[in-house]
Structures are given as C-alpha cells and as structure tokens.
Amino acid sequence: MGNLSDVRVDSKKNPVKGQIISGKFGEVFARQKSDSEFELGEILVCETLDPENNSSTSKTFFQVYDLQYGSQISQQNLEMISGMMLEENSDIEFMDKNLRNYKLALLKNLITIGRDDNVMMSKALPEIFSSVRTIKDSDLSFMKTPKNPIFLGKLRSGSKALDVDINLDGSQALTHHILISGTTGKGKSVLMSNILWDCTGKDYNGLLVLDPHNEYFLGNGKIGLRNHPSGKIVYYTAKNLIVGARSLKINIRILRPSHFGCLDFSDAQEQAMNAYYKDFGIKWLEAILLDKKTNSVFNDATIHVLKRRMMYLLDIDVGNGEVYCNGIFDFNAGEGSISNICDALESANTVIIDTSAFSGQVELLVGSLITTELFNRYKNYKMIDTLANKPVISIVLEEAPRVLGKDILEKGSNIFSTIAREGRKFKVGLIAITQLPSLIPRDILANINTKIILGTEMIQERQAIIDSASQDLSNDSRNIASLDKGECIISSNFAKFPIPVKVPFFEEFAARTLNPAAKTDNKKNTSYMGLSE
Amino acid sequence: MKFAHMADVHIGSWKDPKLKDMSTEAFIKAVSICIEKKVDFILIAGDLFNTALPGIDGLKSVVKEFKVLRDKGISVYVIPGSHDYSPSGKTMIDVLEEAGLLKNVFKGKVVDGKIQLRFTKDEKTGAKITGILGRRGTLEKLYYQELDLEHLEKEQGKKIFMFHTSITELKPGSKSVMDSTDVSYMPKNFEYYSGGHVHIVNKYSFKDHKNVVYPGPLFPANFEELEELGVGGFFIYNDTLIHHGDSHFERIDINIKNTLPIKIDCNHKSPEEVYQMILDKITGKELLNTIVLIRVAGTLKTGKVSDINFKELFLKCYAQGAFYVMRNTVKVLSSEYEELRIEDYSPEDIEESMIKEHIGQIKVSGFTSEKELVITKELMHFLSSEKHEGEKVYEYDDRIKKDIDKLLEL
C-alpha cells in the first residue's frame, strides 16, 4: 500500500464517512465506514490535500445515487450463515465483522472546487482510497446569492438539510421557464407558495397565477398570499368577494376567435368563428348567439354546435332575442379587466386568478386572454426598445399538459406553447406545474431551462424529466423515486450542478417576513378630509 | 320609494359661450322631470358643480331649482365629487347645505382608525342614505380601505350607498388606466349603489352588490362624450316594479341639443378629398339645433391639416342651422410634414401632441424617438403624481426620485 497522505483528509476536523475504492467516472464505488451511514442523495466531499502543508487544493463533490452491500464472504456462505441463525438459533459471531461485511455506495461526480472557490465541472477521478466526508456549510462558500434571488429551500444532503440557502437568479430563471414536477402530495403547492411569497413585492418580476384550487391567496392554513406584507397582490375571484378582492368580470366584446385557440374547437368551428368576426367585428359572439347569418356559407349543424358550445362555455342564456349573462363573461362589465391585470403585472404585482369555480376550458380561455394581451404588449415593448424597463413576467400554469400537452399541440400551437418557445426573448416565462411531464413534448421540455423535481414514483415520468434535464441525471432515477415530501432536485442552466434541496413549510417560510406591526403604523397619518359628524 | 339618481352635472364646465349654459339647462330640465314624475327624493352622486366655488350665474340657477324642489317637498341628497370638493372646506355644497337646500350624506366619524359612516334618513320614505365623497387623484380610495363595513352592513332597512369613484370591474376599456376602487370595498347588500365620476351609463348587479348604477353626465362634458353619449340623462328608480313589471329603472334622456358625429379616416387622402367626404356627410342633413362634431384621424397623402377648408365646412353647417360646430384633428398626420392644431380634445391628447411636436429636438444617444416619447410620457406621469394621504414630504420626494431613477436606469 502506498503513501496516502496526499488524499486523506484531516480526520479530526473532517470525520471520514468512507473511502473511494473503484469504479469509473460517474460510477465511483465508495465503501462506507462502519460507524457512518450513507444515504441516497447524500453529497460527499473528497478533498485533495497539498502534501507540503496539508491544505486543501481542491474538493470534488460526489452524490450517492445507489447503495448496495459488500462482503468478503461468498454469497453461498452468507446464505448458509443466515440459515444457521434463522433455523438453529446459532449465535455466530464474525471475527473483524466490520472488515468482512459493509455497505457500498455508487457515487457520481457533481463538481470540483479549486482554489479561490473556482467552480469547475469534474473531469478527473480522485486517487483510489481517497476518503470521502460529509459536506459542511463551509464547503459551499462558493455559492453566492444572485442579484434577484428566488429562494427555493435549504441545500439537502440525503435527508439532512444544511444551513445553506439555495437561490436561483429570478430574472434569468423566470424568463427561461421553470417546470415543477412531482407526484401529488410531494410538495408542489408548498414550493409554489414559497416561490410566490418570495417573488412578490420585488420590482424585477410580475407573476400571473391561474389557481384552480384557490389555495394560494387564502392559504390552506393560517397564512396565504393575502397576508403578504408588500400588499402587491391582486386577487380576482368569481366566488365570495372578500374585502380587497376583485370580482372577475370579462367583457364579451374583447373576445376574439384567436383566444379560443387553446380549446378543442374543430377546424370548421374555427373557420366559422373567423367568418363571424370578419362580418360582425366586436359583436361577432352576439351574432352567433342571436342566430345572425354570415356572408360565408357554413353547415347549419356547425353553427348550432358552435352556438351551443359558446353558451355553455361563456355561461350565457339566449331568449326573446336577448342574451343573458350568468357568469364571468358579460356585456356590461369587465371592459378593462384584462388591461388592468396586464397593468398590474407590468407594475410588478402578483395577480392571482381564482379559477376554482370554472371548468377547465373556461380557465384556459381566461388564461389565454390575459396571456395573449400581455405577450403582445411585451413584443411591442421590445419593438420600441423599452423592454429593459419592464419587469419579467412569469405565468404559473397548474396541470400544464392541459395547454402544453402533446395531444393539444398536435392540433396547433397556442399562446402558452408560443411563450414556451419564444417567451424568453420578450421577458415572459412560464412556471409549468405537473405530475405528468411525459405528456409535454420533448422540444417544449427542452426549452424549460429549470426543472424542479419532486418525488416521482412513475418511471415514465422520471424518465421524461431525466431525458430533458439541464444536467446529466441519467443515474438519478432511483434517487428521484426516493425523494420524500418537500425534497427536490433542481436541475437548471443557471445552477452549477443538480442541487438537492429541502423545501421549507410555507407557514414557517412566510412567518420569517411577516411583520404584524407594519400595517398599523400607516394608519396614524391618515386624515379623512370632508368627513363631518 | 321612488327616487332620481343623477351625477356629474358639472355646472360651469363648458367655457365656450354657446355651450356654457348647456349643463345648467340640462339640470333645470332634469329637475322639472323629477317634479313631473313625482319622485320622493333626488340623489346627486358628486360633481354638481365643475368647481368648488362656481360662477354666480350657474349657482343662481341651481339655487332657484333647489328652492322649487324644497317647496315641493322633494329632498336632495348629495356627496361632493372630485370637482366640487375642496380640501379647505370652502365648497358651495356646504353653503347650500347650510341654507337647507340639500343634504351632504358623507357624514360619520373615525373610530379606532376606521371610518364609521352615519346614515341620513329620508323622512318621507325611511330610506337610509350614506356615501363617500370623491376627491381629486382618487384620494377617496383610502377612505374605502378604512371603511367599517360591518357597521354599515348590520344596519337594517332600505339602504342606499352613494359614491363618486370608478369601480374597477365596471371601468370602460377606454378608461382602463383610470385609478379605481374594487367593488369589494363597498358595503354588501344595500338596495342601491348610486355612482358618479365615470361618465358612463351602466347599471350592473354583482352577487352581493345589486343595482350598482352610473347614470352618466346630465350633459356631455367634452367633445368625446358628445360623440359617444350624444345626450346626457339620469335614472329614476322605483322599488316597486315599473314598466309592466319588467324593471325597477326608468332611463330619462336629457336632450338639450342633437348631435351629429362625423368620423373621417384621412389615410391616403388629400385635404380636398377629406373636405369632400365631410361635405358629403353634411349635405342635405337637417342640422337645426344640432352640435356637429367633426373628427379627422390618419395620415394625409398630401398637404397638411390646415389645407382642409374647415372654415367653409363650418359656414355650410351654420347655414344649415347647426347650433355649434366642433372639430378634432389631433390625430391627423401629414406624410410631408406635420402641423399641430390643438382644439377641443382631452388633456392627454394635447400632451401627446406637444411631446410629438418637440420630439428629437435634443439629441440623446441611444434614444429612439419612440423611446423618447415613452420616457417623456412616463416622466410626466411620475412628476404629476400627487402626495398620498399620510405620506410625508421626504417620503413623497423619495418615491418620485426612485420612480424616475428606475425609469432612466440611473
């Protein structure tokens, strides 16, 4: 055995957890020290020391992606020994048992940190018998807080969270789209709530949230986005109107045939819509509902079906030559709603639309209306060279395959797929949330440059994510399957390596920034001129 | 209970000698209809006058009408609006209230930082009326945010809430940038919400806020309103059904003068062609007692806007009996060169024209003309921002500086 002083770490300061023994790049075997415990997803550090002064010259981060047993005893003998223990109650003891039976971990290289916190992709293997140790907060001093941070959680090594905040640069990550995937119950909503809370009130971004479960504003527990201290939340609902909420009303005359592109209308129906719009302008929907004729010829059945679908979709009744509006779409209200929502987003507000009372189709129509207007505005800003003054806009889409799914996009692109492909040029991005990423086409997934992966049991879904991740996650399938509630992996073009993260509970996270005294102070200076007893 | 709801009378708003008495005439006519229709009381939801201290002539006419109403036993309930409210308290509304000619229903007190409004009871019908005044810059928005809603909602009886503010959900598309208050800040389940300030005609029912009504102005207050509304008017509300049981509302139009809006798209046209198009629109028309509104927009193929012989067109209109002729050419551009004539359009239009006229005079590297236009408009917007209620001077200065720094990327 040679001199190992150049690869061993100072065991007093940095307790050894194991030792590298064999393997190849990306599949390194490490033996676990008997008094330690390797975990899936755990980050281990292998330090190279300068033999002259015993100082660290570089650190390579490894991550455990698989675990297995190792033994100096043959499998056949192990089975025999087990039989003796189970069947004959033999009290067998091994000599040097920690030497003979042990655990092995399969490690993959993450990154190498050189002197002066110089971060590099790992390109070399450490010496054989190099020690590996558990990661410490100080190993991560190279991680700097970006200019516009989005806090995602604490760095996680296995199941243990370190006191190291993980932030992405929001202005980059939001425009280049974010995917949040994971099985139900793994913490997608908590993570999204945290992101919304953290991003709200910051001037660099505006967020549009289509909330089909009405969970973000009110919150499931005591705290929701309504408690955000910035007050930069605009909340629209069609249900019970609490003080400060806006009643969601959309004027029917602002609807255009193109807004229905994300819904499954047939070609004939789409042609009929366009013909009505050409002939009747902003009153095209009234013309369909009131059985007016276009100059173009269409099958009567097509127009009847179109009328029936519009009545159902827009929640409208027709009788005695009049149109009665029952839902959010109306002739006498909501003329400025879409414009106001876009204005609020441009002023770096978070706009939450409670879509829990709507069918999926109405939700998508509302989303399409807002997004189309917003995207057109931002394209115009780019054209007139004022885009730099505008905040990044991110659109939160729950159950994203409804608009970004392969089957829907086969019928043609829609505003959401357009944003997925082109949005970054115009500072408009998506946050797509799904438990079924495999339904999203590969080219769209590839355009989403940050993926936040929560626990996913289904292999097909894991594979879709792994295949499109920003870093090589080909060995992480088991790791992803084993992610517990609130544990995730962030794979991003804006991160140095796939980062394991522990997401905090929303209430705990929000409570950090809540200051109950702040609001009452504002009242002291308010006078109410004109009010007399 | 039968009452009239009017708003935005704007006595004294028009400066032109021919139009300056129109709003007063409209008010006199409205009062006479109210008497004829035997309303129990009248609501005026702000901006009775165009200023806090109106001219003597208009005031005299209004006082005369109020006296007639008082003699007939018809009470008048008002809230001050953004035009006739004065922070100094020197407003004619107070004088008229002191004289017993009307009642200002914006009454109440502040309890624990919350505004507790008091109801004014109409003795004849028992209706309970309250409301919030309007202020310039939508400063009344703060009042809504601190309103004690529970106190208002627990009051029993037929309740009316008067307001002089824009409601976000009912803002017209053309006024989407106007500051506004969400309907959720208003007390729920009143019988009637009597609105003013936004010059639109709309009556709308939300789930918990039925009969939210804007009657529009009694007489249109500018060129655009004359084009869009044609006539002013108000609503009469009856809590028993009228019109054969199909409605509680009766819309009363106040038709002082007819209007004839003429809109001409001058793109790819010469001044002579535009002249001819306008001429075609007026030839053979009966223009007696009519206000003719000529709006031209687009880019002329040749010449400039002053080459359109408006003088002759005006003379022809007057020869056909027109009461008054107005034109708006703010959106006319010339493909050869531009000339600006400013007349009878909104301050925003005028501002934009002035900026466009002077754009590019000072060269700034990296500024396209479009960027210069946008930045100038935004700068004007920031610099015209008023100090918020309760905002300290240094906080106000700081806010403006921050906005401008951000805009100019300093």
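Two residues are taken to be in contact if their C-beta atoms, placed from the backbone, lie within 7 Å. By this criterion, and with neighbours within four places in sequence left aside, A:Glu215 of the predicted model is in contact with A:Ser189 and A:Asn220. The residue A:Glu215 is placed in the loop that runs between strand S11 (205-211) and strand S12 (233-237) of chain A. With 18 other C-beta atoms within 10 Å, A:Glu215 is partly exposed. Its C-alpha atom is separated by 32 Å from that of A:Asn389, a residue 174 residues away along the chain.

The overall organisation of chain A was examined next. Chain A contains 17 helices and 23 strands, and its C-alpha trace spans about 95 × 65 × 50 Å along the principal axes. Of its 533 residues, 44% count as buried. Among contacts in chain A between residues at least 6 apart in sequence, 70% join residues at least 24 apart. The domain assignment divides chain A into domain 1 (16-140), domain 2 (170-183 + 193-247 + 334-513) and domain 3 (253-330). The C-alpha centres of domain 1 and domain 3 of chain A are 67 Å apart. Chain B is likewise divided, into domain 1 (2-254), domain 2 (258-355) and domain 3 (359-410). In chain B, the C-alpha centres of domain 1 and domain 3 lie 35 Å apart.

In soluble globular proteins, nonpolar side chains tend to be buried together. The largest nonpolar core in the model comprises 135 residues, and A:Val209, A:Leu397 and A:Cys488 have the most contacts inside it. Helix H9 of chain A gives the most to this core, namely nine residues. Apart from this core lies another, of 73 residues, including B:Val31, B:Val105, B:Ile167 and B:Val198. Beyond its neighbours within four places in sequence, A:Leu397 is in contact with A:Leu210, A:Val403, A:Phe416, A:Leu430, A:Ile431, A:Ala432 and A:Ile433. One of these partners, A:Phe416, is also among the buried residues of helix H12 (residues 415-422) of chain A. The buried set of H12(A) consists of A:Ile415, A:Phe416, A:Ser417, A:Ile419 and A:Ala420. The elements that cover these residues include helix H9 (360-383), strand S19 (392-397), helix H10 (401-404), helix H11 (406-410), strand S20 (428-434) and helix H13 (442-447) of chain A.

Two packed helices are described by the angle between their axes and the distance between the axes. In chain A, the axes of helix H4 (residues 188-199) and helix H16 (residues 506-513) come within 9 Å and cross at roughly 10 degrees. H4(A) and H16(A) are therefore roughly parallel to each other. To this contact H4(A) contributes A:Val190, A:Ser193, A:Asn194 and A:Trp197, while H16(A) contributes A:Phe506, A:Phe509 and A:Ala510. Five of the residues in the contact are nonpolar and two are polar, with no charged residue.

Helix H5 (residues 267-280) and helix H7 (residues 300-314) of chain A pack at an angle of about 80 degrees, and their axes are 10 Å apart. Angles of 65 to 115 degrees count as roughly perpendicular, and H5(A) and H7(A) are therefore roughly perpendicular to each other. The contact is formed by A:Ala268, A:Gln269, A:Ala272 and A:Met273 of H5(A) together with A:Thr302, A:Ile303, A:Val305 and A:Leu306 of H7(A). By class, six of these residues are nonpolar, two are polar and none is charged.

In chain B, the axes of helix H10 (residues 369-383) and helix H11 (residues 393-407) come within 10 Å and cross at roughly 175 degrees. This angle makes H10(B) roughly antiparallel to H11(B). The residues involved are B:Ile375, B:Glu378, B:Leu379 and B:Phe382 of H10(B), and B:Ile400, B:Asp403, B:Ile404 and B:Leu407 of H11(B). This contact has six nonpolar and two charged residues, and no polar residue.

The contact between the two chains takes 30 residues from chain A and 39 residues from chain B. On the side of chain A that touches chain B, the elements giving two or more residues are strand S13 (246-247), helix H8 (337-346) and helix H17 (517-523). That side has nine nonpolar, 15 polar and six charged residues.

Conventions: Residues are numbered from 1 along each chain as its sequence is written. Chains are lettered from A and ligands numbered from 1 in the order in which they are written. Helices (H or I, at least four residues) and strands (E, at least two) are DSSP runs, numbered from the N terminus. Ala, Val, Leu, Ile, Met, Phe, Trp, Tyr, Cys and Pro count as nonpolar, Asp, Glu, Lys and Arg as charged, and the others, Gly among them, as polar. A residue is buried if 20 or more other C-beta atoms lie within 10 Å of its own, exposed if 12 or fewer, and partly exposed in between; C-beta atoms are placed from the backbone. A nonpolar core is a set of buried Ala, Val, Leu, Ile, Met, Phe, Trp, Tyr and Cys residues joined through C-beta atoms within 7 Å. Domain bounds come from an automatic or database domain assignment. Axes are lines fitted to C-alpha atoms, for helices over the stretch in contact, and angles run from 0 to 180 degrees between N-to-C directions. Angles under 35 degrees count as roughly parallel, over 145 as roughly antiparallel, 65 to 115 as roughly perpendicular and the rest as oblique.
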